[in-house]
Amino acid sequence: DSAETLEHWPREELLGDVVRVVRAFRPQVIVAVFSGTARDGHGHHQVSGILARDAYELAGDTVRFPVEQFG
């Protein structure tokens, strides 16, 4: 499940990477194959859906992820 996956993957680091990509490409639409729920199957799929949704919300938050953080 997603909790087990996040024990091995650093959530904030991954989320920062996804936010950086969203900011770089500035897409008008973000389509995630997975929803971030148990219906996605294993935890890796669940986490990818969760991070896609969170990155959408946080891409404009320069306090949580300062632009300088990405160099």
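Q: What should I keep in mind about the numbering and the model?
A: Residues are numbered from 1 along each chain as its sequence is written, and side-chain values use heavy atoms, with hydrogens and water left out. Since you're looking at a predicted model, local features need pLDDT of at least 70 and side-chain atom pairs count only at pLDDT 80 or more, while totals for chains, interfaces and linings use all residues.

Q: What makes up the secondary structure of the chain?
A: Three helices and zero strands, and along the sequence that reads α-α-α. Helices here are DSSP runs of H or I with at least four residues, strands are E runs of at least two, and numbering starts from the N terminus.

Q: What does Thr 5 touch, not counting residues up to four places away in sequence?
A: Gly 43, His 44 and Val 47. A contact means heavy atoms within 4.5 Å.

Q: Which residues make up the largest nonpolar core?
A: There are nine: Leu 15, Val 19, Val 22, Val 47, Leu 51, Ala 55, Leu 58, Ala 59 and Phe 65. To qualify as a nonpolar core, a set has to consist of buried Ala, Val, Leu, Ile, Met, Phe, Trp, Tyr and Cys residues joined through side-chain atoms within 4.5 Å. Both α2 (11-25) and α3 (43-58) supply at least two residues of this core, and α3 gives the most, with four. Ala 55 is in contact with Leu 15, Val 18, Val 19 and Val 22, leaving aside neighbours within four places in sequence. In soluble globular proteins, nonpolar side chains tend to be buried together.

Q: Why is Asp 54 called partly exposed?
A: Its relative accessible area is 21%, so Asp 54 lands in the partly exposed class. Asp 54 sits in helix α3 and is in contact with Arg 11 and Leu 15, once neighbours within four places are set aside.

Q: What makes the phi of Arg 26 worth a look?
A: Arg 26 has a positive phi of about 45° although it is not a glycine. Most residues other than glycine have a negative phi. Arg 26 is in the loop between α2 and α3, and with a relative accessible area of 69% it counts as exposed.

Q: Why do Phe 34 and Gly 41 count as partly exposed?
A: Phe 34 has a relative accessible area of 25%, so it is partly exposed. Gly 41 has 44%, so that label applies to Gly 41 too. Phe 34 is in the loop between α2 and α3, and Gly 41 lies in the loop between α2 and α3 as well. Leaving aside neighbours within four places, Phe 34 is in contact with Asp 40, His 45, Ser 48 and Gly 49.

Q: How many positive and negative charges does the chain have, and how far apart are their mean positions?
A: There are 7 positive and 11 negative charges, with mean positions 7 Å apart. Lys and Arg count as positive and Asp and Glu as negative, while His and the chain ends are not counted. Each charge is placed at NZ of Lys, CZ of Arg, CG of Asp or CD of Glu.

Notes
Buried means under 20% relative accessible area, exposed over 50%, partly exposed in between (1.4 Å probe, protein chains only).
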